[in-house]
Amino acid sequence: MSDSTARPRAARRRLPRVNPVWLLLAALILAIVFMNPGFVEPTGYMNFLKRAAPLAILAAGQVYVIVSGGFDLSVGSLITLVVVGSSMLTNNDPSATVWVIPLMLALGLGVGAVNGAIVCFLRVPSLIATLGMMITLNGLAFLWSGGAPRGYLPDTFRFFGRELIKDVPLVRFIPVSVIVLVVVVGLLTWLMHRTNLGRQVHAIGDNPVAARLAGVAVNRVRITAFMLSGLSGALAGILLGGFAGVSTDVGTGYELQAITAAVLGGAQLLGGRGSVPAAVGGALALTAIFTLLNFLGLPQPVRQVVQGLILIAAVALAMHRREETGT
Amino acid sequence: MKRILLATGALALSLAPLHAQNFDDPEEFAKQKEQLAATPEGPEGQPWLQHIGGEMVETADLGLSAPATVCFSNAGVNNPWRVVGYTNMTEEVKNHESIGNFIHVDAEGSDDKQIADIDDLLAGGECDVMIVSPNTTAALTPAVERACEAMPVIVFDRGVNTQCPVTFIHPVGGYGFGIQGAEFIASKLEQGDNVLMLRILPGVDVLETRYSAGRRILDEAGMNIVGAEFTDGDNAKTKSIVEDYLMRGDIDAVWMDAGATAVAAIEAFEDSGYDIPVFVGEDQQDFLRKWQDEGLTAIAPTYPTYQWRTAIIAAAKVIEGEAVPGPEWVLPQPAITQENLDQYVNPAMPPLHYAMCGCEEMENYPQAWGGN
């Protein structure tokens with residue numbers, strides 16, 4: 001007995017209290033650099049960040065919903081709807097970008113608000129509510145496009161996901177999407193960890209009854225969390241459409257990747273605990289796993305096995321560390 | 001970590017042979033290579049009516065009279081190729097007075113649903129002729145056999161393991177597709193040049209045969225294949241993979257087993273500041289436009305969507321009691337090259353419209369295909 005109570009304290013002294021996701025990320029980056037020294041060049045790491053930006057933003061939004069005690073499965077199909085819808089609405093007109101992007105951001109907020117309202121007022125569990133929304137949005141994207149992309153995205157729209165700002169000192173160039181990433185993650189971090197809203201999101205995820213008794217407007221906070229997740233889905237869609245163009249299944253699988261990233265970053269499913277920067281770290285680690293396996297050149301089935309095992313091991317490690325350090 | 005990698009690698013390697021099917025059949029390869037070079041029979045300029053190999057099947061004794069009902073069990077309309085094909089089909093139906101009624105059931109990519117669909121159509125008793133585009137070969141064979149007992153059946157695109165259908169309509173095939181692209185690369189490059197092969201996903205017969213044929217030719221030509229990667233048909237993933245390869249060395253040609261993500265692969269070269277190398281795409285409009293705009297050295301093998309028209313034409317002939325090419329109706333499988341590129345590029349069409357549709361002369365072109 002005395003042994004087990006003594007261990008956490010000893011462990012806390014030995015191990016620095018750093019979120020394990022950063023150690024995982026560092027290890028993965030070291031492995032990538034070992035496999036491909038070119039990664040330390042700006043082309044290497046900037047490409048990596050550009051590629052990770054949509055998932056990182058998505059994870060930063062998702063963590064709000066997870067901390068509030070829910071899931072948002074609708075973001076993947078929201079991404080598809082944003083990309084398909086943008087290509088239909090811009091209709092090859094470069095000047096249409098000016099109103100299409102705000103409209104898409106509003107769409108994201110709107111979808112989030114509907115998700116939140118369904119969860120709060122119709123008392124549908126968020127897993128089912130957003131699953132229903134996911135199917136609905138997929139259907140809408142299919143109806144709108146007829147099952148195949150109908151248009152291109154103009155270069156003005158693709159600017160955010162594709163263009164680079166050249167001649168930057170030190171790093172030579174910065175992809176626009178990396179700037180978007182830094183700004184969005186900065187704002188979401190501030191909102192979560194420095195404002196009252198963030199504390200309320202944590203409170204309703206931890207214990208909704210206590211939060212309500214303490215005077216938190218539970219429904220308003222919960223709907224806001226879903227709206228932020230929806231907004232992050234729309235942003236991710238704009239970046240992904242910009243990066244790679246139109247396709248009708250661009251968002252497939254992103255909802256689970258975003259949840260995985262948040263959990264890798266130590267967010268607790270069912271609420272009460274989670275951090276925006278750590279979720280972004282989780283997203284970077286997930287992307288790093290993909291990149292590393294790409295560099296290793298393993299056959300596809302082996303890659304999937306390894307990817308799955310790394311994920312389970314990483315989350316197990318995160319949980320283990322949490323127990324040891326008591327954080 | 002390393003031990004886990006090795007263990008899983010060994011496990012995967014030891015399991016692989018158990019499931020290996022023969023997607024690299026030298027006889028079939030040689031046959032399709034011959035068919036690509038053969039002169040098809042039938043009206044010139046209308047490849048959907050042509051056939052390679054001259055055997056015909058009589059249908060007068062099937063005892064049908066016009067107008068009749070044609071039922072179509074469709075594996076799915078779940079990708080742009082099938083969307084274009086299905087549009088060809090519904091437009092072609094309008095050309096035939098002998099087809100009084102056309103019933104379409106969509107299996108949404110599921111074997112189980114398609115088997116149930118076929119049984120429902122048979123039980124419904126409305127169909128006089130059935131067209132089947134099977135989702136997978138082995139699973140659909142018994143259902144097609146049941147249909148054959150009740151009425152004339154026409155199969156197209158993927159086949160079934162039975163000789164009972166009146167005819168099986170398909171273009172030359174996957175080996176042919178792989179051959180056309182790889183021979184083009186081999187003709188443009190020197191021995192030892194670097195080729196990146198991009199594939200959608202493993203295990204699909206029509207894609208595996210494209211790859212095995214392409215690989216065989218590139219290997220024989222002494223090309224250095226730097227990698228064969230799966231993209232899941234995803235633009236973002238394709239672009240990322242190509243960017244990663246560019247960080248590690250030069251690429252002199254890209255071979256693809258399907259062209260839907262070709263433009264994303266080209267953009268990876270552009271955005272990383274490289275010249276666009278020799279490219280093998282497919283007949284999607286976005287690739288053809290890019291090819292024309294940037295003056296690429298490229299080729300577009302096709303798996304023509306006009307075969308969807310042919311299925312309806314065959315059904316009409318069966319109703320009218322005319323002979324049809326069979327038991328296999330092998331359609332020509334042309335590639336789009338620099339010489340005939342202008343003929344196929346059409347900026348009015350959607351990006352993933354498949355240009356080899358044989359639909360340009362049809363009444364509702366281009367609106368019905370999403371063009372403007």
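Me: Which way does α8(B) pass α9(B), in a right-handed or a left-handed crossing?
Reply: In this predicted model, α8(B) passes α9(B) in a right-handed crossing.

Me: At what angle do α8(B) and α9(B) pack, and how far apart are their axes?
Reply: The angle is about 35°, and the axes of α8(B) and α9(B) are 8 Å apart.

Me: Which residues make that contact?
Reply: From α8(B) come B:N235, B:T238, B:K239, B:V242, B:E243 and B:L246. From α9(B) come B:A264, B:A265, B:E267 and B:A268.

Me: And how do they divide by class?
Reply: The contact of α8(B) with α9(B) has five nonpolar, two polar and three charged residues.

Me: Take B:A268. Is it buried or exposed?
Reply: B:A268, which lies in helix α9 of chain B, has 23 other C-beta atoms within 10 Å. The cut-off for buried is 20 or more, so B:A268 counts as buried.

Me: What is B:A268 in contact with, leaving aside its neighbours within four places in sequence?
Reply: B:A268 is in contact with B:K239, B:V242, B:E243 and B:L246. As for B:L246, its C-alpha atom is separated from that of B:A268 by 8.6 Å, and the two residues are 22 apart along the chain.

Me: Now B:A38. Where is it, and is it buried or exposed?
Reply: B:A38 sits in the loop between α2 (26-37) and β1 (56-57) of chain B. It has 12 other C-beta atoms within 10 Å, and 12 or fewer counts as exposed, so B:A38 is exposed.

Me: What holds strands of a sheet together in general?
Reply: They pair through backbone hydrogen bonds, either parallel or antiparallel.

Me: How many bridges join β4 to β5 in chain B?
Reply: Three bridges join strand β4 (residues 129-133) of chain B to the parallel strand β5 (residues 153-156). B:V132 stands opposite B:V155 in β5(B).

Me: How many residues does each chain put into the contact between A and B?
Reply: Chain B gives 27 residues and chain A gives 33 residues.

Me: Which elements supply the chain B side?
Reply: Those giving two or more residues are α1 (2-19), α3 (80-93), β8 (224-230), α8 (235-248) and α9 (262-271) of chain B. α8(B) gives the most, with nine residues. By class, this side has 16 nonpolar, six polar and five charged residues.

Me: And chain A, how many helices and strands?
Reply: Chain A has 14 helices and two strands. Its radius of gyration is 20 Å, close to the 20 Å that the globule rule gives for 327 residues, so chain A is as compact as a globular protein of that length.

Me: What share of chain A is buried?
Reply: Buried residues make up 51% of the 327 residues in chain A.

Conventions:
Residues numbered from 1 in each chain as written. Chains lettered and ligands numbered in written order. Predicted model: local features only at pLDDT ≥ 70, side-chain atom pairs only at ≥ 80, totals over all residues. Contact = placed C-beta atoms within 7 Å. Helix = DSSP H or I, 4+ residues; strand = E, 2+ residues; numbered from the N terminus. Nonpolar A, V, L, I, M, F, W, Y, C, P; charged D, E, K, R; others polar. Pairing = 2+ DSSP bridges. Rg over C-alpha atoms; globule rule 2.2 N^0.38 Å. Axes fitted to C-alpha atoms, helices over the stretch in contact; angles between N-to-C directions. Left-handed = near helix turned anticlockwise from the far one by under 90°.
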